[in-house]
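Hello,

Here is the structure I promised to pass on to you. Have a look at it first, and then read my notes below.

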Amino acid sequence: MTPRDRLAELAARLRAAGLRPTAEELADAVWLARWTTSAPAADGADGLRQQEDPAAPPAPAPGEEPAPPGDGERPARGAERSGPVSLHVPVRPDSPAAHAFPVRAPAAGAVSGLLGLQRALRPLQTYRPPLPRAAAGRLLDEAATAEQGARRGVVRPVFRPAERRECELQLLMDAADTVSVWEPLLERLRQACERVGAFRDVQVRHLHRGPDGEPRIGTGPDPAPAGLRPPDQYRDTTGRRLTLVVSDCVGPLWREGAAQRLLYRWATGAPLAVVQPLPPRLWQHTALPAEPGTLVREPGGGGFGLLPDGYGPAPPPGAVPVPVLLPTPRALGSWAWLLGGSGRRTARGAAAWVLPDHPARPAPPPESGPRTPEARLRAFRATASPGAFELAVHLTPVPLVLPVIRLVQETMLPHTGPAELAEVLLGGLLERLPDIEGAPGPRYDFAPGVADRLQGMLDQDVAALLLKHVSEYVTRNFGRGVRNFPALAVDRLTGRARYEAGPDLDRLLGDEAGEAEDPGDELFAEIPARVVRRYLPVRPVPDLLDDAERLLLQWRSQHDRQSLRQALALADSAVAADGGERARLLLGQVLRAAAQAGAGTGPARRRELLRRAAGLLTGGGTDTALERAAVCHELWLAERDPAWLREAEEVLRSLAGRDGEPPRTERVRRLRLGRVLLETARAEGGSRAAAAAARELRAACELLEATGAAPRRRCAALLDLVAAERLGGAHAPGELSALLDRADRAADAADGDDLRLRCLLARAAVHRDAGDWEAAGRAYDRAESHTLRDSPERCELLLEWGGMLLDRAGDPDRAEGLLREALTGAPDDAPLQGRLHLMLGRALLERHRRERFLPDLYEGCDLLEHAARRASGPAERAEAWLALGGARRDFPDSGPGGGSSSAEAAYDAALREARQAPGQPRAPVTAARALHGRGVLYERLGRPGAALADYRASEAEWRRLAERGAVPAGEAEEELRAVRGRMAEIEAD
């Protein structure tokens, strides 16, 4: 149908409805329809709308009816909450990383007090220029014309004089380095002046320093030469243009005297004032020091006079006073009141004297050398207000760009304003950084050493509260206003939990996501992913697999459960419709991601998802094999069945030597194989698997270096290599230190505190293996500075540190202090509670053996009983029962819980739990020691036959451990020597 036919059909339908539109009315209707109706949805629009609605259910499979909502199908309320997305300030000129995308973050609200300023400026409505009024035009008086026509019967126009405002206002903003600080103030003044109803026009212009050092005026803050004009073009000699200069008077134009000479020329022709946002106590340190007194305006207009307070020196001959005003309703209202009257008027205020040949301000004497951080802080505190110093302290954890600084003021320090901000910017603590494209205004950084000293004054809890409040403000106001600034929404999971094993980055992000560089930008807020979901650039795709892959990538970047649910629905539909290897691979990837995300109700659901993924990944493609190996690794972590590790190793070894594969495939294969072998070495013991893991991980590290992989990925691989070399025990002296140095450099390049913490813990373990307790303690002490108080990372660090002091260094007193601190900070439901009770109980028992202090024995036994009840698995429970058996064996028979029967019961429980922990490398060691301890108990009870049987069983267990290489050779020989010695004594008797 042609457009003419459609138009004819429209007219026919309107006539059938009883309407008779004219051609003009029909044209108007068609034109309006163009702007009032929405365009038809493009391909993929339904999927996009579903994505934008966080509560929308997953799309049904093709050909299926949508399932009716039922109570049983309704997701839990907590499941709808999406993971956090970090907002960063862009600080790099290059494009953002793949897992970051640009958004507009809400800025802090405008400066309040607009209504008060409007009231203060109302006297300007009666301001009249000194020259006669210009001839006014005429306007049609519609009411008078209608009334006269009705009376006379003839319509003739009636005119009235046109009323127009006589004056206009010019706001001249100093375009110095601090121009961005005062932009909210300038906007507030502009709005107040426009709304007061006193000016026919309000213009905002900017004062620049030209190439020749003279003042130039432009229409914006950009000093483009094409937009700058001589200031005399904007000079008014009629008195009709009032000028307010907004400046802190510390820029180069003021220091050189050029701005003062400009004020002198302009002040002789029209009213002029300087709005000085700095507090009056700092005015004497600027290039326009103001003197307090009484401002006077004589009849007939003209400039202002000043009657100074006190008996200071007289102004220079020919000097003209220029009012200097605070940006407050009181100061601006006094200036407006002086201008709004016709007679002589006076008001309290301040003014600065300017000369036609105003001299430059003397340059400060050169500093003898670089200023120390202490000197900078002393100078700042000597002049800064309490609010400015408090603001400087609160700015240490955030990126120093003006929008973020204002967010800190809005959320944490609402009693501070632009004046305190200017004190910080001009107080010598900060340095201006080079401008880059995409940054939200000028960037600053603390002078070297200053931030470290200020951070010591900011409590860690306050720093965490700062991030919380800024994040809440951004979440509440995201996308709701027009005052926004550019930011990057970045995948929070790239900065994963600090105390995780090496493979966890791959398990959380996938191999491709791990290739992306860290953004290198500075965090200032964390908000739910659902808040920014609509801002992710999404292109509509008709293909189910492409759409599912995009949603999976979106989940990896945002950790948004809604995206993962939609990807799962689409991948399921693709498998049902196609069933090819690509669809099965994608569904397996989504299922593994769902298991990692904690989908479902617990470990059983996680195992179910992983087993389903394993059943799908049966193809012969390389990507399918790599994914199946990853799923097998996940199943090992979930079920602790060594068969999954063996299958993962077999799959990865089968991929070796395939032709035509990209370099990434070999790199991923070796890295995953090395980590699988490392898990095998940890589970089964023995140096053979550890040596094989070290070979694969070393090759993977070299491939990562050669291909320029992300520093975070390289660091994680190097730390896994160090762990494998430690387990193997065949490394050359100094080799592990060299690997750790490389890991340190990669962690510094990635700028990740979590990686630095892992590097320091690995270095402490290396020193611990070498018996260098002091060096290990220093490494633990440095690692502690990278943890938060009462955090799980800190508790685990203290547990490891205390365990070293107890088991290796033989220092139970220091171990007790560290373990008690960890136990105090750990949550009651933390998984490490059982381990903490076990280690602290052992520390007290060790001290009792040395000092024979019975309260240590009683408390130690109580802690061990708690450990046996709260342990996370049978191997840990076996250790607790073993230690408790030794303690009860030493108990006085009259003491609580003492006696041979309770000790025997503890040893029996240790043996029972150890035999129920297959695959745990230390469980056989615990069983061997429990047999030895029970034999000692039987020997004391006068039961040599039972003791000899336990000693022989313990000897056999230690021989098996030594043959498998499951324990160090020295440990096995020492234990065998002790057991055989007891056996020899019994047999000799």
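Predicted model: local features only at pLDDT ≥ 70, side-chain atom pairs only at ≥ 80, totals over all residues.

Let's start with strand 9 (residues 272-275). Strand 9 and strand 12 (residues 320-325) run parallel and are joined by two bridges, so they meet the requirement of at least two. One of the contacts to look for is Val275, whose bridge partner in strand 12 is Leu325. Strand 9 also pairs with strand 8 (residues 241-246), again in the parallel sense, over four bridges. There, Thr243 has Leu272 of strand 9 as its bridge partner. Now follow the side chains along strand 9: Leu272 and Val274 point one way, Ala273 and Val275 point the other way, and all are buried.

Val401 has Arg443 in strand 16 as its bridge partner. Strand 15 (residues 430-432) is antiparallel to strand 16 as well, with three bridges between them.

Now for the rings. How many aromatic pairs does a search of the whole structure find? It finds two. In the pair of Phe380 and Phe389, the ring centres are 6.4 Å apart and the planes are at 35°, so this pair is tilted. Phe380 counts as buried because its relative accessibility is 2%, and Phe389 counts as buried at 14%. Tyr780 and Trp801 form a stacked pair, with 5.6 Å from centre to centre and 20° between the planes. This pair links distant parts of the chain: Tyr780 is in helix 29 (residues 773-784) and Trp801 in helix 30 (residues 792-807), 21 residues apart. Tyr780 is buried, with a relative accessible area of 0%, and Trp801 counts as buried at 7%.

Arg381 lies over the face of Phe389, at 3.9 Å from the ring centre. The charged end of Arg345 sits over the ring of Trp337, 4.3 Å from its centre.

Leu7 belongs to helix 1 (residues 3-16). Is Leu7 buried or partly exposed? Leu7 counts as partly exposed, because its relative accessibility is 40%.

Enjoy exploring!

Best wishes

How values were computed. Residues numbered from 1 in each chain as written. Heavy atoms only, no water. Buried < 20%, exposed > 50% of the residue type's maximum accessible area, 1.4 Å probe, protein only. Phe/Tyr/Trp six-rings, centres within 6.5 Å; stacked < 30°, edge-to-face > 60°. Lys NZ or Arg CZ within 6 Å of the ring centre and 35° of its normal.
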